Amino acid sequence: MANSKSMPLIFDIPITYDLDLSSTLDGGQSFNWRPGNDGVWLGLIGNLPVKLSIDKHRNGSVVKAEYRLSPGGSDLDRLKWYLDLDTPYEAVRNRLSCDDNLESIIRSVPKFNILNQDPWQTLVSFILSTQSNIPRIKRNLEDISIVANQLVTAFGLSFYRFPNPHELAAMGENKLRGLGLGYRAKNLAAVASLISENTFNIKTVSAMPYKDAKQYLMALPGVGPKVADCVLAFSMGHTSAFPVDRWVSRGVKRMYSNTVKYSDPDISKWGREKFGSDAAYVQQSIFYYERWVRGRGQS
DNA sequence: TCCCAGGGGAGTT
DNA sequence: AACTCCCATGGG
């Protein structure tokens, strides 16, 4: 008879709107989920291995989450927070669809959520994202985790926990450079040290007002306006952030050619003012559309 | 070989 | 404040 304490259990979480896991977990917000069979996604939320899938029913869908129940019992709340299940995304989409330029975008992009990821891991992810590409970012993050060598097993599979700031700082710039991070290794090693030494307090950033939080993040090497906005949007609940990369810039310029300015800072400011707390959702929709719908996705 | 990839930062004007 | 160039590296 199997030990029930070590057996993953399946939890059904009802949601009142459609949720597409692929575009949510693997749409450019997060880089550490891997697809399994039949629409299943596997990954770590913190140290917790989780297997996720969606069951569609007539009256709304159910998120199926499989994981080991830990003693504290707060895993379900954490999962719901990570996936941002309590935000009424159907209402968000309805609001935004009133904008003629957005309506077709919203309709042709899968129904994703904006994640609440771990700020530290998200910061590292987007420091690595500069002048890089998504497959490479994934590989860099995975290599970092493998070198950190904190193995967790579940579902008969291996997961490597993402190193904390202290562990990453201990790797040092040269080792990171050896993983193919390029010039980003120097910034990442410096940031890991600043955080592990408590010179920079990442845990307080979420509670700061948007502009203060952004300014504070941008004091870190390798963190400019775009990286800061991604961290704020995808890990700190600042959904009024409007990160501008080349894809979003391209999309906004085409869709709003009459109203919008030109520089990235102008576009970011415009997005924040026009869409308010929906800005991050709009930005991610445009990114996804430009990258994988319009561009017909070269990974 | 050339070009691009979810930019940032320093130097110049 | 806006513009230019360089920062490493891997893949197409």
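The largest pocket in this predicted model has a lining of 46 residues, with N32, L44, G46, Q121 and F162 nearest its centre. A pocket here is an open set of points on a 1 Å grid over the protein atoms alone, where a 1.4 Å probe fits and protein lies on both sides within 12 Å along at least five of seven lines; lining residues have an atom within 4 Å of a point. By class, that lining splits into 20 nonpolar, 18 polar and 8 charged residues, with Ala, Val, Leu, Ile, Met, Phe, Trp, Tyr, Cys and Pro counted as nonpolar, Asp, Glu, Lys and Arg as charged, and the others, Gly among them, as polar.

The second largest pocket is lined by 24 residues, and S129, S132, K226, D245 and W247 sit nearest its centre. Its lining holds 11 nonpolar, 9 polar and 4 charged residues.

Then there is DNA strand B. Of the 28 residues around it, G28, S132, N133, I134 and Q283 come nearest, where "around" means having a heavy atom within 4 Å of the strand. These 28 comprise 12 nonpolar, 12 polar and 4 charged residues.

As for conventions, residues are numbered from 1 along each chain as its sequence is written, and chains are lettered from A and ligands numbered from 1 in the order in which they are written. Local features need pLDDT of at least 70 and side-chain atom pairs count only at pLDDT 80 or more, whereas totals for chains, interfaces and linings use all residues, and side-chain values use heavy atoms, with hydrogens and water left out.
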